[in-house]
Each structure stands twice: as structure tokens, then as C-alpha cells.
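Please open the structure in your viewer and keep the selection panel at hand. The tour goes from one selection to the next and says at each stop what is there.

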Amino acid sequence: MYLVTMLGNLLIILAVTSDPHLHTPMYFFLSNLSLADIGFISTTVPKMIVNIQTHSRVISYEGCLTQISVFIFFGCMDSMLLTVMAYDRFVAICHPLHYKVIMNPHLCCSLALVSFLVSLWDSQLHNLLALKLTCFKDVEIFSFFCDPPQFLNLACSDTLTNNIVMYFDNAIFGFLPFSGICFSYYKILYSILRVPSSGGMYKAFTTCGSHLSVVCLFYGTGLGVYLSSVVSQSPRKHTLASVVYTVVTPMLNSCIYSLRNRDIKRAMWRFLSKIF
């Protein structure tokens, strides 16, 4: 699954960069999303594979903090880029005549940079919360990686303040991007229904279908991880939900975009035909 994810996302990046027809805002953000997915899955899975092969489940304190920081960074990056991509689709469908003017290269680079800086700030905030913990009542995390909530639960000191800050942070960086996506699709749906046309409706759904599928997958599995930790006390169920979120989702993202998008498929075939 890790190799499929890496190969799929690398092919998307190479196809977009090698094909001049795909040098558009939509595919610029898609290649950034693929890069974020590579980083997201590479944060946890290689270490898990090494642990399985060496029959050792040990990670250093510094390694755990690094894993938390990088995991939050790429997870937030995914969320921010999906929001930006929803805005791109909103402009393309609701303001098609002004699309190239609004989504100019300067704005696209600015949105990508803002996504990067916001993700960096979020990851460092979680890192600071983890660094405040001075003693631990246990050294065993019931997961295959350093899951931030479980890491906080190991502290022997009062973590109420840390938990409040973390849940407030998750509400901001989870709810606000998701609200932006919902608002974009509300405006898209309103625009489609206002001028009913079978051709226009089909084009809109084919344009947004892949992105909407990835959004549902990303936020659906993320919500599943959160509910599994709140509702169920079984570490096994929480770990299973975490595997789906951290491993299955990045793999399916590349599959959805490469299989459902005709432009990507054509660009991939052209790129592979040049090599072979």
C-alpha cells in the first residue's frame, strides 16, 4: 500500500510537471496535494515497516516529537489544500469568464504559501504542547505511531489546559477549512441549479467529482478516528481507524485522481510512453 501510494502520487506530480496542458491552477494544487500525501504517509509507515521487520517497537522521545510535528504538518497541509482546491472549483464554475484573471499565478503561489505557513504554525503548536510535558506515567502508546492525543494521555501531570488548546486548535483547523469547502460547494450547486443545463451539470460534476470524493474520504476517516477515540475505549479499534486515515486515504487519493480524471490519465500515458 505504501509503494502504491508513492508510485501513484509521484506519477501525478511527474504527469502534471511534464505536460504543458496541465499547467493550470487546478493541477498545480493537485500536484501539491500529492506531495503532501507522500509526506503524510511517509511520516508513519516506513517506521512501522522497520518495526515489523526488526521486531522492535521502540521510538526515541525526540523521534516521537518529530513524528508528531511532521504528521500534524502534512495532515493540516492536506486540509488546507483541499479547501483551496474547492475555492478553485468555485471560481471555475461560478465565474468562468474571470477564472484566469482571478486564479492568476501570483494568487496560486500565495495560497500554496499560506497553506504551508498555517500548517507549519499548527505543527509547532502541537510540538510546544508536547514539550511542556515533563513526566510520564507510562512509556507505551497503543498505536503504530506517536498519535498526539495518546501521547498527551501518557503525562502524569494535569493535561486539561493542553487538551483544551488541542481541541480548540483542531476545531479551528478542522472545522474552518471544512466550512470553506461546504460553502464553495453550496455556491457551486446554487449556480448549477439556477441555470439548469444537462451539459453544464455533467461538466460540473465531472470537474468536482474527484475532489468531492477525496474530501469525503479525508474528513470521513478523520471523523472516524476522532469518534473511535471518544466513543470506544478499545485501542485496537482506534488503531484500525488510524490505519485507514493515515495509510488507506493517501493511497485512495492518488487512485481517485488518476482513474477518474481523463486529463491526468492522458498525461500519465504520454509521460510513460516517453520513458518506455
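Where is the place of N127? Select N127 and you will find its place in helix α6, where helices (H or I, at least four residues) are DSSP runs numbered from the N terminus. This is a predicted model, in which local features need pLDDT of at least 70 and side-chain atom pairs count only at pLDDT 80 or more, whereas totals for chains, interfaces and linings use all residues. Residues are numbered from 1 along each chain as its sequence is written, and side-chain values use heavy atoms, with hydrogens and water left out.

Stay with N127 for a moment: N127 is buried, with a relative accessible area of 16%, on a scale where buried means under 20% relative accessible area, exposed means over 50%, and partly exposed is in between (1.4 Å probe, protein chains only). If its neighbours within four places in sequence are left aside, N127 is in contact with L65 and S69, contact meaning heavy atoms within 4.5 Å.

Next, display helices α4 and α6 together. The axes of α4 and α6 come within 8 Å and cross at roughly 150 degrees; axes here are lines fitted to C-alpha atoms, for helices over the stretch in contact, and angles run from 0 to 180 degrees between N-to-C directions. That makes α4 roughly antiparallel to α6, since angles over 145 degrees count as roughly antiparallel, those under 35 as roughly parallel, those from 65 to 115 as roughly perpendicular and the rest as oblique. The crossing of α4 and α6 is right-handed; a crossing has that hand if the near helix is turned clockwise from the far one by less than a right angle, and is left-handed if anticlockwise. Sorted by class, the contact of α4 with α6 has 18 nonpolar, seven polar and one charged residues, where Ala, Val, Leu, Ile, Met, Phe, Trp, Tyr, Cys and Pro count as nonpolar, Asp, Glu, Lys and Arg as charged, and the others, Gly among them, as polar.

Within α4, select V84, whose place is in that helix and which counts as buried at 9% relative accessibility. Apart from its neighbours within four places in sequence, V84 is in contact with F29, L111 and S115.

The crossing in which α4 passes α8 is left-handed. To see this contact, select residues of α4 including C76, M80, Y87, F90 and C94, along with residues of α8 including F173, P177, I181, Y185 and S191. By class, the contact of α4 with α8 has 13 nonpolar, four polar and two charged residues.

From T161 to F40 the C-alpha to C-alpha distance is 27 Å, and the two are 121 residues apart in sequence.

Which residues form a disulfide? Select C64 and C146, whose sulfur atoms are 2.0 Å apart, within the cut-off by which a disulfide is a pair of cysteine sulfur atoms within 2.5 Å. The structure holds one disulfide, and with -130 degrees about the S-S bond the link of C64 and C146 is left-handed. C64 lies in helix α4 and C146 in the loop between α6 (105–131) and α7 (148–153), so the pair ties together parts that are 82 residues apart in sequence. C64 is buried at 4% relative accessible area, and C146 is buried at 2%. C108, by contrast, is in no disulfide, and the nearest cysteine sulfur, that of C109, is 6.8 Å away.

Finally, select H55, in the loop between α3 (45–54) and α4. H55 is exposed, with a relative accessible area of 75%, and has a positive phi of about 55 degrees although it is not a glycine. Most residues other than glycine have a negative phi.

Note on methods: Helix = DSSP H or I, 4+ residues; strand = E, 2+ residues; numbered from the N terminus.
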